[in-house]
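Please open the model in a viewer and keep the selection panel at hand.

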Amino acid sequence: MNTSRRLDLANLQWGGKWPATGYRPPATCIRLVILIGFIGWLVGGTAVANAQSTPNTRVVSANGPYTTITAALEAAQPGDIIEVHGGLHPALTVDKSVNLVGVDWPVIDGQGQGAVVVITASDVQFQGFVVRGSGSEPDRNHAGITVAAPRALVAHNRLEDVLFGVYVAQGEDTVVRGNDITGKAEYDSGRKGDGIRLWYSPGVVVEQNIIHETRDVVVWYSPHVIIRENVIRNGRYGVHLMYTDQVEISHNQLLNNSVGAYAMYADDVIISYNLITGQRGPSGYALGFKDASNVLVHDNVLVDNGGGIFLDGTPFYPQSYGRFEDNIIAFNDVGVVLQPAVKGNDFTGNTFWENVSHMTLQGGGKPGLNNWLSNFWSDYTGFDADGDGLGDTAYTSERFYENLTDQEPRLRMLAYSPAAQAIEFAGQSFPIIRPQPKLSDPAPLVQPGTIPAFAMPPVPSVWPLLVTAVALILLGLFCSGLAYFGAPTRRPQPTNPPTQVNPMNNLAESYPDMPLLTNLRITGVSKRYGKIHALQDISFTAQTGDAIALWGANGAGKTTLLKAILGLITFEGQIEVNGRDARRDGKNTRRHIGYVPQEAVFYDWDVTATMQFYARLKKANPARIPLLLEQLGLAEHSQKPVPALSGGLKQRLALAIARLDEPPVLLLDEPTASLDAQARRDYLQLLIGLRQAGKTIVFASHRLEEVEALANRVLLLEQGQLVETLPANELRARFAPEVEMAVWVAEGARPFALAHLQQIGLNPHLNGRGSIVTRVQNGQKMHLIQTLNDNGIQVVDFEIEQ
């Protein structure tokens, strides 16, 4: 037989000779046999392929069939699912393309040695695990999860007590999604590892993770990366790009890091729709760019940072661009910081709102090298006569004091002080030292941009309020039942005192059931500005229900002391607020303080939106907002724009914000300085109620009646020294044996009132506000009102000045 026979499918004949018998099968039989064989081969091959492509699910649990992840991995085929049910498991290496799924949060613990989970096979999925206990050697990249192969999915895991969180090294097209990552608590931010580190890993997507108390999210040599919808807080750099091009950073929240996002030697970067707030580290920039090109930054909200945007050598290439559009840059120390020779950037449609300085040129940079067009500036004083939304005159930034701070940043500590005001006045008054404008916007916007929804706090659900209300009603009915059926009697609560008499000088007598705690302890506090002693060895304590007035001339140290308590300036000595050290832990100390400035500045939102915004900044419970608005008489104004409020209502709003997280200590700087007589009395009544509730209040004031109504002690400050502490009711006799008193009477009765007061030996005069002003002995105030009333002249209102 010829063994070289072949199958000729064209004519279905054997290519060779048949055996010697001469038998030749019919052609139909041959065709039938071949067809049956072909179908069998096709069906059998498909069945084998299906059997191989259908993944097996291998279960790891205490009851088997597998009791360890390693055993399941050894038995697994590529594409299998390994389902791990609870339990504690050692570190592992995933070297097969499998899908690892945790059920009931199984724990993989590295016990402080090396990396915990290492993925070396492509197309691995790792989901639903607690990963903890990595080693602590940064040069060996000890991580919770190391991905060293492409196309991994690392999703919905909890990583804790790990040096690095997720380390992707040459793992292109990997997705890191929905993980909660935190570092080793015993290390500071510089010693911690990165929450996520990408190394030579293009095409990675980092999304919907919560990354906190780690070092950075850093991207090295990894183009085409997307970082979106993450919350990154309490770290060093929120996002750090190094030699990485074509990156998109969007819809993230970067909160309370040292720096928000920083791009170095990176091109084609888009940063959009991010909320970046609280970056207050040594640099404190929300966004920073170093030698970057083709940068587009738009629709971000940059609030309460040391600096909003920092530019150094950006754009780097001559034909490249830096575009900053439609961002909200508000309440930062500096809105935009430009290093020398930065040029060619375009700023358009941005809102610059109440930054201490909107723009700074550092290191002698030249103005006019960047383009500013149609931005909103909160200090713009021009008009829009034609109603086109643009100012009719250009906005220029030419403050002399700001120019000095550009050259010497330490001068910013004097911002808003009399020294800063004097410098600014000199710059405006004497052309020889008038500053050169730092920027000019020829067509500024006259309305600020709209706050995007992602920067607004969520509206609280009504259900918790309803449940709370029902619970309080039931509790009230229960307490009423106890009282009706003979529950033990309790000491009645005292009523609110009138503002003219202060029975609060001894809180222990008024409230014997209230425990008196030392909420504020000041010990040997001193502060120097060069050779000037702003504070010298100040010491005092304040307990529950104390209201302490700081009294002294301008420059006596009142505001400096308040800043020291807030932890905003360095000082010598010790300040403890509710047991926390203001100098060592200023951030946490401020959580126990509510601060009301002399004149609060707000964005042009309505009252409720403003409260929601500050609740989010303070991480306070927004469910308290309706209650606070009701308590402070703002409920009926909750939908009004803040600029439409009176001065008194604005101060109430500032007090409501200060009370969002119900701190035990309130600091107030001249709390009623800008209020009229009635608003002042109403506001003081609110503060007296807070003191009765046990708040510790420290306030600076120059109004005797304010101190008499609210304080129980007065600290007399002179040139930074505490010269004396005295009861509030002794202050007037010491400093104002005579007071100036303004009385309002009906317009037709003013001549009779003037004549009568002259007859009794006073020297009255009209002051232009419709009132009669005269000086009287401190103890004769009510006598003056009584004598006018006795002579048929009704006093409508009165006001006492020192």
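Select Thr774 together with Val739, Glu740, Met741, Leu762, Asn763, Pro764 and Leu784: these are its contacts (heavy atoms within 4.5 Å) once neighbours within four places in sequence are set aside. Thr774 belongs to strand β56, residues 772-777 (strands are DSSP runs of E, at least two residues, numbered from the N terminus). Thr774 counts as buried because its relative accessibility is 4%, the cut-off being under 20% with a 1.4 Å probe and protein chains only.

The model is predicted: local features need pLDDT of at least 70 and side-chain atom pairs 80 or more, whereas totals for chains, interfaces and linings use all residues. Residues are numbered from 1 along each chain as its sequence is written, and side-chain values use heavy atoms, without hydrogens and water.

Next, turn to the cavities (sets of points on a 1 Å grid over the protein atoms alone where a 1.4 Å probe fits but cannot get out; lining residues have an atom within 4 Å of a point). There are 2 cavities of 30 Å³ or more, a volume being the space filled by probe spheres set on the points, which are joined across faces, edges and corners.

For the largest, select Val301, Val303, Ile328, Ala330, Phe331, Ile451, Ala455, Tyr603, Trp605 and Phe613. Strands β32 (301-303) and β35 (328-330) each give two or more residues to this lining. The volume of the largest cavity is about 50 Å³.

Finally, select Leu338, Met359, Leu361, Lys366, Pro367, Gly368, Leu369, Asn370, Trp372 and Lys438, which line the second largest cavity, of about 30 Å³.

Methods. On a 1 Å grid over the protein atoms alone, a cavity is a set of points where a 1.4 Å probe fits but cannot get out, and a pocket is an open set with protein on both sides within 12 Å along at least five of seven lines; lining residues have an atom within 4 Å of a point. Helices (H or I, at least four residues) and strands (E, at least two) are DSSP runs, numbered from the N terminus. Buried means under 20% relative accessible area, exposed over 50%, partly exposed in between (1.4 Å probe, protein chains only).
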